[in-house]
Every structure is written in C-alpha cells, then in structure tokens.
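Subject: Structure handover

Hello,

Here is the structure I promised to pass on. Please open it first, then read my notes below.

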Amino acid sequence: MTATVLAPENLAPVAGARARRGRLYGGIAMIVVALYGLWAFGLGGRTDGTDTTFVLNLSDATGMTVPDVTFPSAPVAIALCVLAALCGALRIAVDLPKRWNAVVLGAFFLLYVTAFMTWAAAAKSINVASILDATVIAAVPLVLGALAGVLGERSGVINVAIEGQFLLGACLAAFTASVSGSLLWGLVAGVLAGGLFGLLLAVFAQRYLVEQVVLGVVLTMLATGLTGFFYERVMRTEPDKYNKAMAFPPIKIPLLAELPVVGPVLFHQNVLFYVTILLIVAVHIVLFRTRWGLRTRAVGEHPTAADTVGVNVIRTRYLNMFVAGLIAGLGGVWLTIGTNISFNKDMASGKGFIALAAVIFGRWSPVGALWAALLFGFAGGFSDAIQLMQTPLPTDFLRMLPYLATIFAVAGLVGYVRAPAADGQPYVKS
C-alpha cells in the first residue's frame, strides 16, 4: 500500500477549499437560525403590541443605578434577527481573519440571544443584571476546571477526572468547615483533596500506563461513589454538625463596586472569585512567559526531545497534575463554601465535563478557556432565569441549554483545533 503525500505547494489549495466550505456551511447555518428567530420571535404574533423591559440593576444594588429599558417587543426582535442574518451573510461573502471571524460570531450570538430574551419577556420584565450575576457564579468552577485541564493537557495528560475532583473538593470542604467551624480549614481540605486526586491520576497514567480517558472516567466514578457513601452515612445523619451551609463573606471593592450593572456583579464577590481571576493571570504567565511553562509545553508536544535536553518529563507531569488538581479542588470548594450551599450527592452535575469541553473550545489556552467558561456559564445562568418567565418552551429543554451549548461548541471545532501532540500519551524513557 502506498501513501500519497502532498507537496507543500499543493496543501494551500486544499486548506483554502476547506476554509471556504466552513464559511459557507457556517454562514448558511447562521442565516437559517436567524430566519427561524425572525418568525418565532417577531413575526409569529406572540409579541404583537407588547413591550419588553430589561432591568439593568440587581435587586440589592446600592451604588450607581441606571434606569430600566422598555421597548416594543416585536419590532426590536425582528430587527435583531435581521442583523443576525446579516452576520451569516457577511461570513459567507467575506474571508475574514480569525479574530474578526470571532467578532462576527460573537455579534451573532449576542443579537440572537437578545432577540430571544425580548421574546421571552414580552409583556414582562427580565433582569439582565441577575443573568450576568448567575453567569459569573456558574462560570467560576468551569474556569477553575478548565485551568486544571489546560495545565494537564499542556504537559501531555488528559484529565477526565475533573468532575471527581470537584466532588471531592466540595465534600471535604463542606465537612471540614462544618466540623472545625473554620472556612479556611475547609478551603485547605478541599484544595488538597483535588491535588492528591490529580496526583493519583498522574501516577496511574505515567507509572502504570493506564489509558487516560478510561482512567479519568473510572476515577470520577470512584469519587462519585466515595462522596455519595460519605454523604449518606455521615453528613446526612447530622447536617447541623457535618454539613452546614457556610460561605466566605463578600468583599466589596470601593468605587468599582459602585459601577452600574457590572459593579455589583464583578466587584462584590467573595475571596474565591478574586483568587480565580488571579489564577487565570498566573497560569497564563507561567505557561507562556516562564522557563517552567516552556518545559511544560515541550513535554506536551515532544517529550522525547524535551528529555534529550535534560527536562525530567515524568516529574514535570506529576507536578503539573498535582497543581491542576489543587485548582480543580478549588472549583469544588466554590460549589459549597463558596456559594453558601451544603453538600449534596452528585452536586457537580457534569460541570467537570463541561470544563473539559471549555479546554478544547478555548484551544488549550487559559484566556480562551475563560471565554469558553463564560459562554457555558451564561447558558446555565440564562436557562435558570428563563425558567422563571413561564415561556412556551418546556422547562426540561431549558435545563438542557448548558449541555447543548457545550455539544455544539465542541462539535463546531472538530478539524479546526489541534491538541498538544503528546496529549494522552504516556512517556516511557528509553
């Protein structure tokens, strides 16, 4: 059997044809979706003669406020859907650079979602600030899980056990904080649980060469069983003693917290939120501006070459997986003592797998993972807000929105993104 190898000069036409097909199919899909919205949100008759009100302040906002915005539902929804269709047409007609293509996609998403909210809140009001606040709260564990995934995969280890690390971190944080009466000890316990679990995954993957995706699923099932058993036999028996609802107090940043709309959402959160922001910056700097980050990326791309220049591949992967586990454990801590919620079985609800999708959607970059986590977090916060509006859409469908957004986002990137070359491949020193 012979293989056909294309010369470099013949690759460009192939890549160009693939890009044109991608623009064509993507643009057509955008236009079809926009036309459906044009009929459903504007021309279908449900919004005729009604007004929609967007509330732009949280109910407990104490700083600067802005007046609510009221507008006719049908005309605005129609105009927004027409503009969304034009975004699809622009994508078909013009070969935009990647950055501008992302801007067009973002504009389409914003226009279409705004049209949907206009339709859903016809003859009612919808609190946009509350949706933003719910987005931030839902995005924090996704960001932390995605950072853990980026660190692991950049060093060549696939961390499918983020869900398990969330559960262990949440369980031990709630239990330790309840027993000790100290939120700080709860934080330490939850973070260390995630770190040790990440190290366990690295040991099985690198020392015993267990297939990493299967390993991650098995470890997640182990964490689910352990936390569920501990909850039933210990925490549930005396919740006032072993499973209290506790939380770090919010910290209000002067002046910034007084800003309208975004002030209370971004600058009146607890310490775990601000630590998350610092971790995004720290992981980005470490990965792309330090010697350790260079070694990490080398280990994830070509471990044999890294080994030949003196990089300890196994140790690098162990350390990165331990640190990644610490960060994922912090995501679990957020689920309980970060949001004043007591621990419940399976409370992660698939957030670890959504975080793993954010790694792919963010192209294995901390900043990209942040935007992906915000997108998926918005889908969750948006679905929660819309469920209260009593729209014609079934409640079960609205609950599916975060997972549907994850599936479509990752499916749309098939063939367009590339993982680190050695991702998921154990290294055996010759």
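How many salt bridges does the count come to? The count comes to 3 salt bridges. One caution before the details: this is a predicted model.

**The salt bridges**

Start with glutamate 232. Arginine 236 forms a salt bridge with glutamate 232, and their closest N and O atoms are 2.8 Å apart. Glutamate 232 also forms a salt bridge with lysine 345. There the closest N and O atoms are 3.2 Å apart. This second pair links distant parts of the chain. Glutamate 232 sits in helix H7, residues 212-235. Lysine 345 sits in the loop between helix H13 (313-336) and helix H14 (351-361). The two are 113 residues apart.

Are these two residues buried, exposed or partly exposed? Glutamate 232 has a relative accessible area of 29%, so it counts as partly exposed. Lysine 345 is at 41% relative accessibility, so it is partly exposed too. Both values fall between the cut-offs, which are under 20% for buried and over 50% for exposed.

The remaining bridge pairs glutamate 258 with lysine 252. Their side chains meet at 3.2 Å, N to O. Glutamate 258 is partly exposed, because its relative accessible area is 26%. Lysine 252 is partly exposed as well, with a relative accessible area of 40%. As for shared partners, salt bridges join Glu232, Arg236 and Lys345 into one network.

**The chain as a whole**

The chain has 16 helices and 5 strands. Its C-alpha trace spans about 70 × 70 × 40 Å along the principal axes. Does the radius of gyration agree or disagree with a compact globule? With 430 residues, a compact globule would have a radius of gyration near 22 Å. The chain has 24 Å, which agrees.

Buried residues make up 47% of the 430 residues. Now take contacts between residues at least 6 apart in sequence. Of these, 76% join residues at least 24 apart. The accessible surface comes to about 21000 Å². Carbon and sulfur atoms account for 69% of that surface.

Charges next. The chain has 28 positive and 20 negative charges. Their mean positions are 10 Å apart.

Which loop holds asparagine 340? Asparagine 340 lies in the loop between H13 and H14. Lysine 345 is placed in the loop between these helices too. Asparagine 340 has a positive phi of about 60°, although it is not a glycine. At 44% relative accessibility, asparagine 340 is partly exposed.

Arginine 363 is another case. Its phi is near 55°, a positive value in a residue other than glycine. Arginine 363 is in the loop between H14 and helix H15 (366-387). It is partly exposed, with a relative accessible area of 43%.

Proline 72 is in strand E2, residues 69-72. At 39% relative accessibility it counts as partly exposed. Which residues does proline 72 touch, leaving out those up to four places away in sequence? It touches Thr50 and Asp51. Proline 72 and phenylalanine 353 are 281 residues apart along the chain. Their C-alpha atoms are separated by 40 Å.

Proline 97 is in the loop between helix H2 (73-93) and helix H3 (98-120). With 47% relative accessibility, proline 97 is partly exposed. Proline 97 and asparagine 312 are 215 residues apart in sequence. In space they are 39 Å apart, C-alpha to C-alpha.

Last, glycine 228. Like glutamate 232, glycine 228 is in helix H7. Is glycine 228 buried or exposed? Glycine 228 is buried, because its relative accessible area is 10% and buried means under 20%. Glutamate 232, by contrast, is partly exposed at 29%. Glycine 228 and leucine 86 are 142 residues apart in sequence. Their C-alpha atoms are 50 Å apart in space.

**Where to look**

Begin with the network of Glu232, Arg236 and Lys345. Then go to the loop between H13 and H14 for asparagine 340. Finish in helix H7 with glycine 228.

Best wishes

Note on methods
Residues are numbered from 1 along each chain as its sequence is written. This is a predicted model: local features need pLDDT of at least 70, side-chain atom pairs count only at pLDDT 80 or more; totals for chains, interfaces and linings use all residues. Side-chain values use heavy atoms; hydrogens and water are left out. A salt bridge is a side-chain nitrogen of Lys or Arg within 4 Å of a carboxyl oxygen of Asp or Glu. Buried means under 20% relative accessible area, exposed over 50%, partly exposed in between (1.4 Å probe, protein chains only). Helices (H or I, at least four residues) and strands (E, at least two) are DSSP runs, numbered from the N terminus. The radius of gyration is taken over C-alpha atoms; the globule rule is 2.2 Å times the number of residues to the power 0.38. Contact means heavy atoms within 4.5 Å. Accessible areas come from the Shrake-Rupley method with a 1.4 Å probe; for residues, only the protein chains shown count as cover. Lys and Arg count as positive and Asp and Glu as negative; His and the chain ends are not counted. The place of a charge is taken as NZ of Lys, CZ of Arg, CG of Asp or CD of Glu.
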